[in-house]
Amino acid sequence: MIYIVRHGQTQWNLQGKKQGWKDSPLTHKGIQQGFDISKLLDQTLRGTIHDYKVVISPLWRCQQFASIICEQLGYDYKDCIIEQDLKEHGFGDWEGMTEDEINTEYPGAWDDRLANRWHYVAPGEGGENYETLFNRVNSVYQKYAEQDVVFVCHEMVSKVLRGIMLDMPTDEIPLQKHRQNKIYIFDGNKISEAEYV
């Protein structure tokens with residue numbers, strides 16, 4: 001079984017800024033989401049988290065969120081596996097900017113990206129498209145596909161993981177969502193959801 005968890009709300013989520021490879025801290029709400037997701041994860045795993053590998057993004061917001069889960073469920077944080085290729089979609093020069101700011105500084109660019117997310121590369125160092133993200137996330141997924149894993153990652157990484165699992169058309173993968181109160185569970189054939197209100 002594979003569980004996909006998204007980190008909680010961050011300051012930049014709240015401000016509508018693109019994060020990519022840059023980080024901002026969890027908000028108070030984001031920290032509380034860590035406690036809520038921990039309880040939900042414990043319920044769905046039925047107390048068996050020690051039978052799972054916890055595999056996390058190297059970015060601080062995911063490490064912070066995973067540390068809350070580990071503390072709540074009695075899982076030793078040092079046993080978490082950090083996978084560099086689980087980091088979020090790189091937004092290059094757009095990181096730290098809102099969509100309005102991007103539209104002002106790069107007229108038409110955001111609309112161009114929305115029209116062709118799979119191939120559109122965000123400008124600047126570290127800028128990626130979904131195809132690049134897919135390739136690196138798939139390399140991680142293939143390492144753990146036959147194992148019991150809890151992934152603690154990002155929304156766009158979650159979209160790609162689920163797209164790989166369900167063999168989705170590439171134009172549908174970016175259109176998915178992953179709300180921060182939800183866990184996705186893959187049993188090898190289908191994906192189910194668990195969420196708290």
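Colleague: Which residues are buried in α3?

Modeller: This is a predicted model, in which local features need pLDDT of at least 70 and side-chain atom pairs count only at pLDDT 80 or more, while totals for chains, interfaces and linings use all residues. Residues are numbered from 1 along each chain as its sequence is written, and side-chain values use heavy atoms, with hydrogens and water left out. Buried means under 20% relative accessible area, exposed over 50%, and partly exposed in between, with a 1.4 Å probe and protein chains only. Helices (H or I, at least four residues) and strands (E, at least two) are DSSP runs, numbered from the N terminus. In α3 the buried residues are Arg-61, Cys-62, Gln-63, Gln-64, Phe-65, Ala-66, Ile-68, Ile-69, Cys-70 and Leu-73, so that the helix is mostly covered, with 10 of its 14 residues buried.

Colleague: What covers the buried residues of α3?

Modeller: Contact means heavy atoms within 4.5 Å. The cover of those α3 residues includes β1, α2 (28-45), β2 (53-56), β3 (81-82) and β4 (149-153).

Colleague: At what angle do α2 and α3 pack?

Modeller: Axes are lines fitted to C-alpha atoms, for helices over the stretch in contact, and angles run from 0 to 180 degrees between N-to-C directions. Angles under 35 degrees count as roughly parallel, over 145 as roughly antiparallel, 65 to 115 as roughly perpendicular and the rest as oblique. For α2 and α3 the angle is about 45 degrees, with the axes 9 Å apart, and the two helices are therefore oblique to each other. On the α3 side the contact is made by Phe-65, Ile-68, Ile-69, Gln-72 and Leu-73, and the α2 residues include Ile-31, Phe-35 and Leu-41.

Colleague: How do α6 and α7 cross?

Modeller: The axes of α6 (residues 130-144) and α7 (residues 155-166) come within 9 Å and cross at roughly 65 degrees, and these helices are therefore roughly perpendicular to each other. Among the residues that make this contact are Tyr-130, Leu-133 and Phe-134 of α6, and Met-156, Val-157 and Lys-159 of α7.

Colleague: Where is Met-1 placed, and which residues is Met-1 in contact with beyond its neighbours within four places in sequence?

Modeller: Met-1 lies in the segment before β1 (2-6) and is partly exposed, with a relative accessible area of 38%. Leaving those sequence neighbours aside, Met-1 is in contact with Tyr-52, Gln-147, Asp-148, Val-149, Ile-185, Phe-186 and Asp-187; the C-alpha atoms of Met-1 and Val-149 are separated by 6.6 Å, although the two residues are 148 residues apart along the chain.
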